[in-house]
Amino acid sequence: MVSCLAIFLCLIADSRASFETLLQDDECAEGAEACSLEALQRRAIQLEASQEEPAWEESVLAAWAHEPGCQGVLRGQCGAAAVVVEVEPESGGLTSKVYTAGAGGGRAPFDETKMTSIFPVASNSKILTSILLVVALADHGKVSMGETVSDFLGQKCSDLPEAVAKITLVQLSSHTSGLPAQPTNRHMEPCQRDPVNCNPYTKYTEQDLCETLREVTLGPKGHYLYSNLAFGMLGYFLELRMGLPYEQLAQTWVLHPLNMTSARVTLNESQWHEMTPPGKDASGEGRWRRHPYGILQGNGAFLVSVPDMGRLLGAMIKAERGQETPLAATLRQTLQPLAWSGYCACDACEEEELLKLSIPTAERGLVAMGWESSSSGLRRGWHKSGDIAGYSSWMAFNAALGRGAFGVDTCGGCGAKLGSLRGSAVQRMVRLLADGPPEKVVPLPQVALPELGALVGDFKACPAAPGKLQSTSLATLSLTLRGTQLLASTTSFTGEEGPMVTATPVSSAEADGLQAFSGVVLALSGPVGTIHGGPNEHGPLAEVSQRRTIHFLEEPFAPNKRGAAVLHIAGVDIFFVEDASQCP
Ligand SMILES: *[C@@H]1O[C@H](CO)[C@@H](O)[C@H](O)[C@H]1NC(C)=O
Ligand SMILES: *[C@@H]1O[C@H](CO)[C@@H](O)[C@H](O)[C@H]1NC(C)=O
């Protein structure tokens, strides 16, 4: 943020009219004394506030601040910060803007001017581990993807079960090794003694790792099973092979080339206090993962500034678009799809939590090396979540849109709901920020009634994985005609009905691209629910202005049918079909 004086000087430079308005002000007319520089500065700030329309992004942050769960006891105690990056398609130039908000409104209780604060990015560190793996692999020939657990631990751990010994690095990096979310033998005593500074991975040793691997129950290999253990092992294997600490390896080979100079794992006392905003849990208790990590750092040990997370997203977008950027080929390799993914968000990520969901829900996407995909506006984007006590975060980018966002709260993931996959408020907020503001849409003139009537119907959500998981808590999407108006509504798997909103056939920049493909794009006049919150989810984030559309896809395998209706809400696409037997 600019200082008062700087704003004042800018106004003078930018606009003589503004300056004259200032001089004519009452306070100034009273005499030279009242017309102090300070008074002018104050007016300048007011003037600026009244002239500039607040950015859409600020309205999204404000909605976060007023989410139920992020107010109440948390008001004034914690906040959220986000960075939004955009890559200009022609020049490849990058713009990056940081936004902050305090829970319940007002300012965030951390350095919001320079944004040099570093935040635990938790599982977002897995992406740094993946990039490090590819660097070690491709650039330095130190490892190969086919190497196995036994290549690293064979000499160190006796009696490893064969299925464990044969797990490969590629399986570890794509959550397809069958290893569970957590090791069975973490040292939890320090956490019971000192919950504020609790780090559940503290003092975890190689001996502990050997022990848990000897007794582990593996899930099926090749299937997505989110694993902190796997990524922790990956980081440790790279340490063993390259002979340097994980933090130093990541700094040298990944963070320095990407100019993410704030990132670190180990902090001394004064750095904790000066650089790191303490996290809070729902009751306002402090939560700071300060106990030092053991050997499983690769799963989530980094603290990074918000602008530096923007640098990572900018580099990912440029790399996926084929632009020249440091580590471009490496970054692209971390986006090679490896298996179907599940879905991970605050309160419902790791496997035991996934089992407690009222409706087993997962977005059907792809998993690459740590990244998970989902589509928004029929374009594929990538995302990663991070959750630890005191902090929740999310990053997402869409190379076709040239847009990405990262956000973190220090409010312990406020706004999450146990037993639901909707994620914390900050995670939902980042999906909206990454998706971008609603476009100006132009209704198509004179759509004939029969054409509208042809869109009427009931569509059902396809399961994410056949027979297992739903892709959303929205079960059906209905389109009905009332007079000359087309209305859309949704229902949930538990039978809740959502509101009816107008669905207007539109032409827009986005629609133009899609019309050749799908025929029709409808813009919705209001919220019809959210993907994991259900049809009646209310609250500032569900209602903030955003892109809400329905696209129709023609299915080549069902030539006389309308195929799928794709509902785009809250930054994600949900696929519905008329005939569930058509589900892939
Ligand atoms: C690296 O980041 C710093 C801020 O941390 C910035 O001042 C500098 O311009 C960046 N350098 C490059 C090469 O982007
Ligand atoms: C903490 O580390 C910083 C950076 O290395 C150093 O400048 C500072 O003196 C250290 N403080 C203490 C108390 O050790």
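Me: Going by DSSP, a helix here is a run of H or I with at least four residues, and helices are numbered from the N terminus. Where is the place of Glu147, then?

Reply: In the loop between α6 (125-139) and α7. Keep in mind that this is a predicted model.

Me: Is Glu147 buried or exposed?

Reply: Buried: the relative accessible area of Glu147 is 15%, and the cut-off for buried is under 20%.

Me: Which side chain joins Glu147 in a polar contact?

Reply: Arg241's, with a polar contact of 2.9 Å between the two side chains.

Me: And what else does Glu147 touch?

Reply: Leaving out residues up to four places away in sequence, Glu147 touches Lys142, Phe152, Ile167, Thr168 and Leu169, along with Arg241.

Me: OK, helix packing. At what angle do α12 and α13 pack?

Reply: About 85 degrees, with the axes 9 Å apart; α12 covers residues 228-242 and α13 covers 246-255. The two helices are therefore roughly perpendicular to each other.

Me: Which residues make the contact?

Reply: From α12 there are Gly235, Leu238, Glu239 and Met242. From α13 there are Tyr246, Leu249 and Trp253.

Me: What about α11, which residues are buried there?

Reply: In α11 (residues 206-215), Asp208, Leu209, Cys210, Thr212 and Leu213 are buried. The cover over those buried residues includes α7 (149-153), α8 (162-165) and α12.

Me: Switching to ligand 2. Which residues are around it?

Reply: Asn268, Ser270 and Gln271. A side-chain N or O atom of Asn268 is 2.3 Å from an oxygen atom of ligand 2. Ser270 has a polar side-chain atom 3.1 Å from a nitrogen atom of ligand 2.

Me: How much of ligand 2 does the protein bury?

Reply: 29% of the 370 Å² that ligand 2 exposes when taken alone.

Me: Now the backbone. Which phi does Asn259 have?

Reply: Near 60 degrees, which is a positive value in a residue other than glycine. Most residues other than glycine have a negative phi. Asn259 is found in the loop between α13 and α14 (269-275), and Asn259 is partly exposed at 42% relative accessible area.

Me: What about the phi of Leu378?

Reply: Also positive, near 60 degrees. Leu378 lies in the loop between β9 (372-376) and β10 (379-388). With a relative accessible area of 24%, Leu378 is partly exposed.

Me: Let's do Asp458. Which strand is it in?

Reply: β14, residues 457-461. Asp458 and Thr476 are 18 residues apart in sequence, and their C-alpha atoms are 6.8 Å apart in space.

Me: What does Asp458 touch?

Reply: Leu477, Ser478, Val577 and Glu578, again not counting residues up to four places away in sequence. The side chains of Asp458 and Ser478 are joined by a polar contact of 2.7 Å.

Me: Zooming out, how many helices and strands are in the protein?

Reply: 21 helices and 23 strands.

Me: How much of the protein is made up of buried residues?

Reply: Buried residues are 57% of the 584. The protein exposes about 23900 Å², and 53% of that area is supplied by carbon and sulfur atoms.

Me: And what share of contacts join residues at least 24 apart?

Reply: 69%, counting contacts between residues at least 6 apart in sequence.

Technical notes:
Residues are numbered from 1 along each chain as its sequence is written. Chains are lettered from A and ligands numbered from 1 in the order in which they are written. This is a predicted model: local features need pLDDT of at least 70, side-chain atom pairs count only at pLDDT 80 or more; totals for chains, interfaces and linings use all residues. Side-chain values use heavy atoms; hydrogens and water are left out. A residue is near a molecule or strand if one of its heavy atoms lies within 4 Å of it. A polar contact is a pair of N or O atoms within 3.5 Å; within protein, one must be able to donate a hydrogen and the other to accept it, and residues adjacent in sequence count only if both atoms are side-chain atoms. Accessible areas come from the Shrake-Rupley method with a 1.4 Å probe; for residues, only the protein chains shown count as cover. Buried means under 20% relative accessible area, exposed over 50%, partly exposed in between (1.4 Å probe, protein chains only). Contact means heavy atoms within 4.5 Å. Axes are lines fitted to C-alpha atoms, for helices over the stretch in contact, and angles run from 0 to 180 degrees between N-to-C directions. Angles under 35 degrees count as roughly parallel, over 145 as roughly antiparallel, 65 to 115 as roughly perpendicular and the rest as oblique.
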